[in-house]
Amino acid sequence: MRARIWGSRGSLATPGPETVRYGGNTACIEVALSDGSLVILDAGTGIRGLGLSLDGRRPARIDILLTHLHLDHLEGLGFFTPLWDPATDLHIWGPTSPVQSLSERIATVLSPPLFPVHLMDVPSSVSFHDAPQGEWAIGPATILSQPIIHAGPTVGYRIQERGRSLAYLTDHEPAIGSDLGSVAPEWISGFSVARRADVLIHDCQYTEEEYPARVGWGHSSTEHVATFAGMAGAASLVLFHHDPMHGDEQLEAMLRRVRDLYPHTDDVALAREGMEIDLSPGSAAVG
Amino acid sequence: MTEATQQRSIVLILARDLASMLATPMLIVDVEGAVIFYNEAAGAILGRPFTEAEPVAFEDWGPAFDPRDVEGKPVALAETSLGIVLKERTPAHRTLRFRNAEGIERVVESTAFPLYARADEFVGAVAVFWGKHEED
């Protein structure tokens, strides 16, 4: 299994000179499984570049795993070139809602007046699935999805293949539901998804100074992610969902802070566009 | 259930967080009826604080409080508000008299309601209660 980050920004695409090192595209990660299956985590603006890169190497079936339907995780879908290819068999997974089906909720965004074409009119074959609570399989990988604390229905995903695991908790505020330093792990949102993951990609939107004014917005501070990752025992930690107000230098200061707080490993990195994560057996993971 | 999936429902995690911040006495049971948390205000009425021990089954936990109706007639656990929720998965309310862990007689109004994570997924129940008066 190999992963490549195509978008690591949170909330709003943020191009410009202040974000060139880590990128301005919103959440999207390509995960290539050992048999050639393609899994995509979220459909933020980063998925546009991913779609273009697939020319000539596109599998017939593509699975997109949406953590939730906030725009920064969905707004790239209409610009994903395989969506417009009749040969594409696209499977979109996402959190359940007590109100509307997944397709109805996505169609709200992919239809006029927000988008010029109705979702039902795209030429590819698109199937929608509620992400099961528990484990299921895509190709040779086992997928675990579980609801996590964010604003509205949201799930975290864990992809496991050949003994290696990638946990993805991009928009996550475990501290809203628990005192992370004192409760048992079973009471911590997302714990089972992240537990002993080889690579944990986790929300790190705020500094500790910013967080008190943003409690309940669904995101984590540097302290929260360090504590959470430490409890989960993740081997590598990738800080994700960068705040659009944070330029590269601010992000690097946050990285230093997390490294200070997370002594379990020196394998902590900022997610950046183009980052490759090798999770083949025996590999060193984050590159 | 594999090791990786052993975690409380997010609904229970949020319910516990809410309870921990409330001055309203609140108690949470899981889908099996095990008492998995109650807050400080509930502990004051029940006469003992919640401890982070293993969850205790409602049918093992409840009889110690000797629940009765306002006239003093015994009330089966299944007829308490929580018992009704666990059996019928509908909200319930009733007035109960019981003896707390400190031996103090209490009369409470108790309202319990089911927690559904999804329309077909019952994950537990919550009871909130108010002390009516105290008879030492």
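Two strands are taken to pair if DSSP finds at least two bridges between them, and helices (H or I, at least four residues) and strands (E, at least two) are DSSP runs, numbered from the N terminus. The structure is a predicted model, in which local features need pLDDT of at least 70 and side-chain atom pairs count only at pLDDT 80 or more, while totals for chains, interfaces and linings use all residues. Residues are numbered from 1 along each chain as its sequence is written, and chains are lettered from A and ligands numbered from 1 in the order in which they are written.

In chain A, seven strands form an open sheet of mixed pairing, in the order E7-E8-E9-E10-E11-E12-E13. Its edge strands are E7 and strand E13 (268-270) of chain A, each of which pairs on one side only, and the twist from one strand to the next averages 20 degrees; for angles, axes are lines fitted to C-alpha atoms, for helices over the stretch in contact, and the values run from 0 to 180 degrees between N-to-C directions. Strands of a sheet pair through backbone hydrogen bonds, either parallel or antiparallel.

Within this sheet, E7(A) and E8(A) pair in the antiparallel sense over five bridges, with A:Gly134 opposite A:Ser145 in E8(A). Strand E8 (residues 141-147) of chain A also runs antiparallel to E9(A), to which six bridges join it, and here A:Ser145 stands opposite A:Tyr157. On the E10 side, E9(A) and strand E10 (residues 164-169) of chain A pair in the antiparallel sense over five bridges, and A:Gln160 has A:Ser165 of E10(A) as its bridge partner. E9(A) and E10(A) form a hairpin with two residues between them, and A:Arg162 in the turn has a positive phi of about 50 degrees.

Strand E9 (residues 155-161) of chain A is largely enclosed by the rest of the structure, because seven of its seven residues are buried; a residue counts as buried if 20 or more other C-beta atoms, placed from the backbone, lie within 10 Å of its own, as exposed if 12 or fewer do, and as partly exposed in between. Both faces of E9(A) are covered, with A:Val155, A:Tyr157, A:Ile159 and A:Glu161 buried on one side and A:Gly156, A:Arg158 and A:Gln160 buried on the other.

Helix H4 (residues 222-232) of chain A is likewise mostly covered, with nine of its eleven residues buried, among them A:His224, A:Val225, A:Phe228 and A:Ala232. These buried residues of H4(A) pack against H3, strand E11 (199-203), E12 and H5 of chain A, where two residues are in contact if their C-beta atoms, placed from the backbone, lie within 7 Å. H4(A) is followed by A:Gly233, whose phi is positive, near 70 degrees. Helix H5 (residues 248-261) of chain A lies across strand E12 (236-240) and E13 of chain A, and runs at about 165 degrees to E13(A).

A:Ser283 is placed in the loop between strand E14 (276-278) and strand E15 (285-286) of chain A. A:Ser283 counts as partly exposed, because it has 14 C-beta neighbours inside 10 Å. The C-alpha atoms of A:Ser283 and A:Arg164 are separated by 9.5 Å, although these residues are 119 residues apart along the chain.

Chain B contains four helices and six strands, which follow the pattern α-β-β-α-β-α-α-β-β-β along the sequence. Its radius of gyration, 15 Å, is close to the 14 Å that the globule rule gives for 136 residues, so chain B is as compact as a globular protein of that length; the radius is taken over C-alpha atoms, and the rule is 2.2 Å times the number of residues to the power 0.38. Along the principal axes, the C-alpha atoms of chain B fill a box of roughly 50 × 30 × 25 Å. Buried residues make up 35% of the 136 residues in chain B, and residues 24 or more positions apart account for 45% of its contacts with a separation of 6 or more. In helix H1 (residues 10-21) of chain B, the buried residues include B:Ile10, B:Leu12, B:Ile13 and B:Ala19.

The contact between the chains takes 19 residues from chain A and 14 residues from chain B. On the side of chain A that touches chain B, the elements that give two or more residues are strand E7 (134-138), E8 and helix H3 (191-194) of chain A, and E8(A) gives the most, with three residues.
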